Amino acid sequence: MSGIPEPEEFRARARRWLAGVARPRAADGEWGSGSDSVAVFDNWTEEQEREHTARVQEWERTRYDQGWSAFNWPQEYGGRGLPAYYEQLYRAEEAAFDVPHRPEIFPVTQALVAPAIGLWGTEEQKRRWLVPLLRTDELACQLFSETEAGSDLAAVRTKAVRDGDGWVLTGHKVWTSGARVATWGVAVCRTDPDVRKHAGITVFLVRMDAPGVTVRPIRQMTGGTSFNEVYLDGVRVPDTDRLGPVGEGWRVTLSVLAAERLDSGGLGLDNADRALDLAGHLSRPLTGAERQRAADLHIRTLVQRLMGLRVTAALVAGREPGAEASVGKLYATETMRRTSDLVSELLGPSLVVDTGEWGTYAWTEHLLGAPGYSIAGGTDEIQRTILAERVLGLPKEPVR
């Protein structure tokens, strides 16, 4: 396929290709059959995570090898040089087919880490990493958050110290999705403790099987272990695995975070739709208050999808949709909260007692997991600060 097809032509071609390699999803209306999982964070054992990861990798390699992945990348990296929003057009078509659910490490690898390497990497690094990451032969996780730093990533304490032609990394990272299956970790480290905190940071790509790297699952209140803490105990990293200039790591980090927020506007829509289906399949009439909550949630899903179109429109216009992405993230987080409110009202005691009835107790995983997204991908407070400074023009808080 050459040139840039019109969006409708592209979507029609995508549908034809998908019909040849995947089965359509079960038709809507089959309430009560299939999985009733509405988990916000995958609740897997390590074995289950590795098995599912392998299935997704097989699918992503099929997409890549047949020209239905990496749409906005140059041909030398297996792409087609299309505008960035063609990925969203494809995803809209793929949603109608029974393909493996992509856990978080896949968008992190393809949509966050690979673009950061494309922006900051040397030519040798691009040749070395981009195709394996875009094809998902190798996967990458984020070694960003730390217990002491909270939401202030610039306050990281993990140290990277020069040692000959390499570096030695020592520190502790938390809330790392996919650490058990990742090949690489993108580590934000402090390389100069004597300068302003935003200026003393450098980013490295760390082999997750390197000596000194220890991954420990974090058990959540849902019972699952989607996240991990990662210990870096004297891990040696060659300077060739440094991403971006020494001391410029804050700018590298921001490029990853900007991509992360672009990908968050669709959060919670599937579960919101499932909650509305639940409201329509109760064995009793809805109360007036329940009808009001359901109507409110339905309207929110429509508005949230329109917000996603605004992000797409910004990309089409060649703009970085910073404000739109922050609004979308805030709105999506609130949609998840209101989904929890509606389900709690609809199910009452059935929500907390595992009677075995389909579509009831499974909602506990949504209720327990949804609050995490007020922190993940940039806290609500961070998003409001971005809007205050970039949209309202309020002065920045002084750097301490």
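The protein chain of this predicted model exposes about 19500 Å² of surface, of which carbon and sulfur atoms supply 52%. Accessible areas come from the Shrake-Rupley method with a 1.4 Å probe, and for residues only the protein chains shown count as cover. Buried residues make up 48% of the 400 residues in the protein chain, where buried means under 20% relative accessible area, exposed means over 50%, and partly exposed lies in between (1.4 Å probe, protein chains only). As this is a predicted model, local features need pLDDT of at least 70 and side-chain atom pairs count only at pLDDT 80 or more, whereas totals for chains, interfaces and linings use all residues. Residues are numbered from 1 along each chain as its sequence is written, and side-chain values use heavy atoms, with hydrogens and water left out.

The C-alpha atoms of the protein chain fill a box of roughly 70 × 50 × 50 Å, taken along the principal axes. Among contacts (heavy atoms within 4.5 Å) between residues at least 6 apart in sequence, 74% join residues at least 24 apart. The protein chain carries 47 positive and 56 negative charges, and their mean positions are 3 Å apart. Lys and Arg count as positive and Asp and Glu as negative, while His and the chain ends are not counted; the place of a charge is taken as NZ of Lys, CZ of Arg, CG of Asp or CD of Glu.

The secondary structure of the protein chain comprises 11 helices and 8 strands. Helices (H or I, at least four residues) and strands (E, at least two) are DSSP runs, numbered from the N terminus. Helix H2, residues 46-65, has 20 residues and reaches 28 Å from its first C-alpha to its last, close to the 28 Å expected at 1.5 Å a residue. The expected span of a helix is 1.5 Å times one less than its number of residues. The buried residues of H2 are Glu49, His52, Thr53, Val56, Gln57, Trp59, Glu60, Arg63 and Tyr64. An α-helix has 3.6 residues a turn, so residues three or four places apart point the same way. The cover over the buried residues of H2 includes helices H1 (7-21), H3 (86-94), H4 (105-120) and H5 (123-134). After H2 comes Gly67, whose phi is positive, near 80°.

Helix H5 has 12 residues and reaches 16 Å from its first C-alpha to its last, close to the 16 Å expected at 1.5 Å a residue. Its buried residues are Gln125, Lys126, Trp129, Leu130, Pro132, Leu133 and Leu134. Covering them are elements including H2, H4 and the strands S1 (140-143), S4 (184-190), S5 (201-207) and S8 (242-243).

The loop between H5 and S1 holds Arg135 and Thr136. Arg135 counts as partly exposed, at 21% relative accessibility. Leaving aside neighbours within four places in sequence, Arg135 is in contact with Glu60, Arg61, Tyr64 and Asp65. Arg135 and Ala70 are 65 residues apart in sequence and 8.4 Å apart in space, C-alpha to C-alpha. Thr136 counts as buried, at 0% relative accessibility, and has a positive phi of about 65° although it is not a glycine. A positive phi, of about 60°, is also found at Trp175, which is not a glycine. Trp175 lies in strand S3, residues 166-177, and is exposed, with a relative accessible area of 52%.

Further residue pairs were compared by their C-alpha separation. Gly32, in the loop between H1 and H2, is partly exposed at 39% relative accessibility. Gly32 and Trp358 are 326 residues apart in sequence and 5.9 Å apart in space. Gln88 lies in helix H3 and is partly exposed, with a relative accessible area of 32%. Between Gln88 and Gly308 there are 9.4 Å in space, with the two 220 residues apart in sequence. Asp341, found in helix H9 (residues 322-347), is partly exposed, with a relative accessible area of 38%. Asp341 and Pro100 are 241 residues apart in sequence and 29 Å apart in space.
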